[in-house]
Amino acid sequence: METPEGTPVSGVVKWFDPAKGFGFVVADTGGPDILLHVNVLRNFGQSSVADGARVEVLAHRTERGVQATQVRAIHPPENAQSAALPDIIRRDREEVAAAPLLPARVKWFDKSKGFGFANVFGKPEDVFLHIEVLRQSGLSDLQPGEALAMRVIDGTRGKMAAEVQAWETVLTPRDEDRD
């Protein structure tokens with residue numbers, strides 16, 4: 001059903017390039033690819049999205065094609081677990097899920113190296129961020145200063161993120177009312 005913001009569409013991210021600032025979504029119902037601009041993604045609280053991630057967007061037809069106007073949900077790619085890290089595989093899933101989501105900021109992340117670091121608010125130590133954890137969380141890249149929510153575990157070489165989410169996606173309605 002069409003709304004002033006657009007038509008709800010579910011689909012899969014065909015590709016997204018944070019450096020170019022856009023990518024495309026293939027709708028489950030077919031039709032032309034849907035342009036996903038980084039500004040629309042940032043309004044959802046993310047600066048990237050993994051190729052193959054499932055998304056729910058509002059889309060609007062323009063003279064130049066179909067464009068996403070709002071991101072409503074992002075779900076990690078189905079094959080994201082294929083390259084999980086040993087430190088995380090050894091853990092019970094419930095143990096990782098029971099870890100609190102901690103507020104953090106990206107210190108730096110280098111996609112070509114496949115890793116980076118973040119700092120949990122109020123904690124002095126760096127937390128290791130691996131690109132596979134980003135992919136499992138539906139992300140493909142991070143920018144310095146980007147706000148995150150992370151589940152942190154003790155890895156073999158120190159603190160590491162076992163799950164990463166854009167901070168805005170974990171806010172409850174009560175939290176948003178405080179803004």
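**Entry 1: strand β9 and its neighbours**

I began with strand β6 (residues 102–110), which is joined to β9 by four bridges, the two strands running antiparallel. The model is predicted, so I kept to its limits: local features need pLDDT of at least 70, side-chain atom pairs count only at pLDDT 80 or more, and totals for chains, interfaces and linings use all residues. Residues are numbered from 1 along each chain as its sequence is written, and side-chain values use heavy atoms, with hydrogens and water left out.

I noted how the elements are named: helices (H or I, at least four residues) and strands (E, at least two) are DSSP runs, numbered from the N terminus. Two strands pair if DSSP finds at least two bridges between them. Strands of a sheet pair through backbone hydrogen bonds, either parallel or antiparallel.

I looked up single partners next. Leucine 102 stands opposite methionine 150 in β9. On the β10 side, isoleucine 153 has methionine 160 as its bridge partner. Eight bridges join β9 to strand β10 (residues 158–166), and these two run antiparallel. They form a hairpin with two residues between them.

Is β9 buried or exposed? Eight of the nine residues of β9 (residues 147–155) are buried, so the strand is largely enclosed by the rest of the structure. Buried means under 20% relative accessible area, exposed over 50%, and partly exposed in between (1.4 Å probe, protein chains only).

**Entry 2: the barrel**

I traced five strands that close into a barrel in the order β1-β2-β3-β5-β4, with mixed pairing. Neighbouring strands of this sheet are turned by 50 degrees against each other on average, direction ignored. The axes are lines fitted to C-alpha atoms, for helices over the stretch in contact, and angles run from 0 to 180 degrees between N-to-C directions. Nine bridges join β4 to β5, which run antiparallel. Valine 57 has valine 71 in β5 as its bridge partner.

**Entry 3: the cores**

I then searched for nonpolar cores (sets of buried Ala, Val, Leu, Ile, Met, Phe, Trp, Tyr and Cys residues joined through side-chain atoms within 4.5 Å). The largest has 20 residues, and Ile34, Leu36, Val49, Val71 and Ile74 have the most contacts inside it. At least two of its residues come from each of β1 (7–17), β2 (22–27), β3 (34–37), α1 (38–43), β4 (54–62) and β5 (65–75). The largest share, four residues, is from β5. Another core lies apart from it, with 17 residues, among them Ala118, Ile131, Ala161 and Val164.

I also checked valine 49, whose contacts (heavy atoms within 4.5 Å) include Val13, Phe16, Leu36 and Gly138, not counting residues up to four places away in sequence.

**Entry 4: aromatic rings**

I counted rings of Phe, Tyr and Trp (its six-membered ring) as a pair if their centres lie within 6.5 Å; planes under 30 degrees apart are stacked, over 60 edge-to-face, and the rest tilted. The count comes to eight aromatic pairs. Tryptophan 15 and phenylalanine 24 form an edge-to-face pair, 5.5 Å centre to centre with 65 degrees between the planes. Phenylalanine 22 and phenylalanine 24 have ring centres 6.0 Å apart and planes at 85 degrees, so this pair is edge-to-face. Tryptophan 15 counts as partly exposed at 29% relative accessibility, and phenylalanine 24 counts as partly exposed at 22%. Elsewhere I found Trp108, Phe115, Phe117 and Phe128 linked into a cluster by ring pairs.
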